[in-house]
Amino acid sequence: KSETMSTNEAKKPPLNGRRALPSNNSNGEENEVPEMEAFGLIPRGFNPRDYLRVVDIHMFKEPHEVNKQQHHTDKYYSPKLIVRRGQPFQIQIDFNRPYNPETDQFWLEYLIGRYPQQNKGTYIPVLVGDVLKPGEWGAKITYKENNSIRLSIMSSATCIVGKFRLYVAVWTPFGILRTHRNAANDTYILFNPWCQQDAVYLDDEKEREEYVLNDVGVIFHGNINDIKLRSWSYGQFEENVLDACLFLMDKAELELSGRGNPIKICRVASAVINSRDDNGVIAGSWDNTYAYGVAPSAWTGSVDILLEYYSSKQPVRYGQCWVFAGVFNTFLRCLGIPARLVTNYSSAHDNNANLQLDFFLDDEGKLDTKITKDSVWNYHCWNEAWMTRPDLPVGFGGWQVVDGTPQETSDGMYRCGPASVQAIKHGHVCFQFDAPFVYAEVNSDIVYSRRDKNGIQVIEKIDTTHIGQLIVTKEVAGDGMMEITEEYKFQEGSEEERLALETAVMYGVKKQTTRDTTYQPQTDVDMEFQVQKAVLGSDFKVTVTFRNKSHNYYTATTYLSGNIVFYTGVTKNEFKKHSFSAKLEPSSSSAFDVVIKSCEYLSDLLDQASFHFFVTARINETGKILATQKATVLEIPMLRIKTQGELVAGKEMSVTVEFTNPLKQALENVTLRLEGPGVLRTMKKEFRKIPVNSTLTWEVKCIPKRPGLRKLIASLNCDALRHVYGELNVQIQKP
């Protein structure tokens with residue numbers, strides 16, 4: 001006996017002088033609940049069998065049964081009961097004899113975590129009454145037959161979201177008798193966007209179907225001049241994904257009593273989605289070397305990442321912004337918080353949050369990469385989650401920005417949000433959390449400056465319209481793009497925009513004034529350039545155009561710098577330098593072409609095939625500098641997906657993926673991935689080599705599980721070529 005004692009002692013958590021009970025922050029742990037809780041001494045003649053006894057509990061937890069149908073949880077691949085809070089659900093209890101309300105007394109107990117307490121909402125006794133009050137815990141009998149009763153149970157619209165254990169307790173004069181622990185009766189309770197009292201209530205059915213129930217989405221990437229899109233499988237209903245999402249909150253050590261609050265959940269999730277400072281889900285890597293991991297561009301969805309993390313408890317390698325955002329979206333939709341993935345084109349990463357990105361030029365007008373710390377991301381993906389904000393003044397509920405990509409710390413951790421989109425638009429950046437950072441991402445100015453001979457900082461150009469030019473998300477009920485820029489900002493140059501900026505500055509967003517520096521730009525000459533659209537592996541040209549609006553004759557010493565960049569705007573190397581002198585006739589336009597050959601860029605190309613061009617020109621007669629920059633992306637060929645055979649749920653079908661090598665070199669160590677929620681689990685295949693101009697073909701057999709319109713998504717990945725995708729909509733028939 002003594003041995004068992006000591007192990008129990010060791011398991012006890014350390015005492016804490018401040019609280020009687022240790023913190024209850026794991027949904028995975030549980031306590032032992034006594035099956036007989038005696039009130040005192042039990043007389044010898046007492047026989048529990050003389051009292052009402054529970055023989056069986058029916059949870060009606062099949063996808064086709066009433067609970068999952070009414071609660072919109074029938075798509076979850078889980079054998080257990082899953083309901084949404086604030087809405088009634090049904091169970092049936094079979095007793096050993098007919099229930100007699102005059103003499104028998106029983107109640108239900110829902111418990112979560114290891115230290116259940118009634119005042120924390122982690123121990124919930126539910127008494128049987130005559131009426132159900134909306135949005136409050138309660139139960140009433142709806143039907144009695146022989147030894148069975150049907151109960152309708154209402155959960156609170158603010159209750160904790162997670163997995164509860166269910167016990168039925170029966171009162172006897174000598175003590176309480178309970179059913180034994182049965183995992184089959186565990187009940188998951190989720191957020192309920194269909195319930196008006198829930199903090200995540202969304203009133204439009206089409207939007208609920210998109211933002212909560214759609215398990216595939218579209219991610220917009222590329223850049224402002226060349227928008228690209230790819231599908232992403234969120235897979236929030238796939239097997240074990242719900243448990244993996246609940247585990248993330250355990251990992252983040254979010255107190256169970258806080259798990260009914262979507263604000264808290266979003267805040268801790270934005271930290272735990274990335275691996276910085278808490279060993280979270282995904283390790284970011286932006287350096288184009290992805291040894292010992294999967295390249296960010298190879299993922300086709302969230303399920304593999306979440307399940308790998310759930311089983312290994314170690315960060316999954318590797319992700320970049322759309323991967324963090326894709327997994328975050330799965331997490332939110334899985335728990336029932338309406339969510340969408342958003343892309344901001346030309347997104348500012350402002351290191352010191354002064355609302356300006358400083359680009360420093362050297363004497364010749366070239367970018368000085370040593371001292372330029374800020375960068376413009378071609379695009380940046382984050383998420384919006386829908387909820388009320390009772391912690392803020394009225395009017396700031398609705399969409400909230402949350403961002404799991406580790407960029408800057410917030411209260412000491414890499415996390416961002418939730419920040420009210422409405423507050424960002426109006427410049428009310430004093431309202432928590434991280435609104436100034438998001439405001440800068442969509443509103444910063446680009447300032448080009450250079451030190452002159454006397455060491456004075458001379459501002460050569462201020463570009464107020466480059467950042468946050470376009471903010472988009474997938475449209476509701478379609479694969480197209482919906483622009484939401486005006487949700488974040490007023491029309492460029494409008495009176496309201498000035499006012500929002502002044503408000504933001506008043507609330508402490510630092511904005512350096514340009515008054516203390518001399519800034520007199522050259523206004524009578526315009527310079528711009530166009531980059532020809534080109535397929536990866538071909539030559540293309542850049543055309544620089546000057547418009548001399550004055551009556552003067554000017555010459556411009558022009559410098560074009562072509563850089564291979566990460567999509568974050570960070571330069572890897574300069575692959576093209578070209579200087580020329582341009583003669584600018586009065587009142588006329590002149591165009592100059594610069595040819596870029598594929599041999600100049602192919603050896604150093606990074607995974608998103610992104611280039612960044614800087615053009616600077618010095619007007620020799622005035623000494624003034626014109627500067628402009630543009631990102632461009634090459635066209636990357638697509639994968640082709642085809643199906644053969646009948647497309648019927650439960651019947652075998654075949655899927656073929658094809659790809660033709662577009663490069664002037666063989667591709668080596670190629671990985672293909674294919675997935676489709678409800679049709680097939682992720683499959684992977686390695687190919688040693690694809691010679692120049694040859695076509696690879698991969699055939700896969702699968703048995704689709706669910707009827708309806710589904711999507712197949714494929715990716716191809718190797719060192720020489722990344723971001724190759726393909727997709728196909730398939731209509732799976734009912735058997």
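This is a predicted model: local features need pLDDT of at least 70, side-chain atom pairs count only at pLDDT 80 or more; totals for chains, interfaces and linings use all residues.
Local features require pLDDT of at least 70 and side-chain atom pairs pLDDT 80 or more, while totals for chains, interfaces and linings use all residues. Residues are numbered from 1 along each chain as its sequence is written, and side-chain values use heavy atoms, without hydrogens and water.

The unreviewed UniProt entry lists Asn443, Asp445, Glu492 and Glu497 under "binding site". Such annotations may be inferred rather than shown by experiment. The four residues span 55 residues in sequence, yet no two of their C-alpha atoms are more than 13.5 Å apart, so they gather at one spot.

Asn443 belongs to helix H9 (residues 435–443); helices are DSSP runs of at least four residues, strands of at least two, numbered from the N terminus. Asn443 is buried, at 16% relative accessible area. Glu492 is partly exposed, at 38%. Buried means under 20%, exposed over 50%, and partly exposed in between (1.4 Å probe, protein chains only). Glu492 sits in the loop between helix H10 (485–488) and helix H11 (495–506). Beyond neighbours within four places in sequence, Glu492 contacts Thr464, Thr465 and Glu497, whereas Asn443 contacts Ile467 and Lys489. Contact means heavy atoms within 4.5 Å.

Domain 2 (216–507) and domain 3 (525–633) both contribute to the lining of the largest pocket, so this pocket lies between them. The domain bounds come from an automatic or database assignment. Strand E33 supplies the largest share of the lining, 7 residues.
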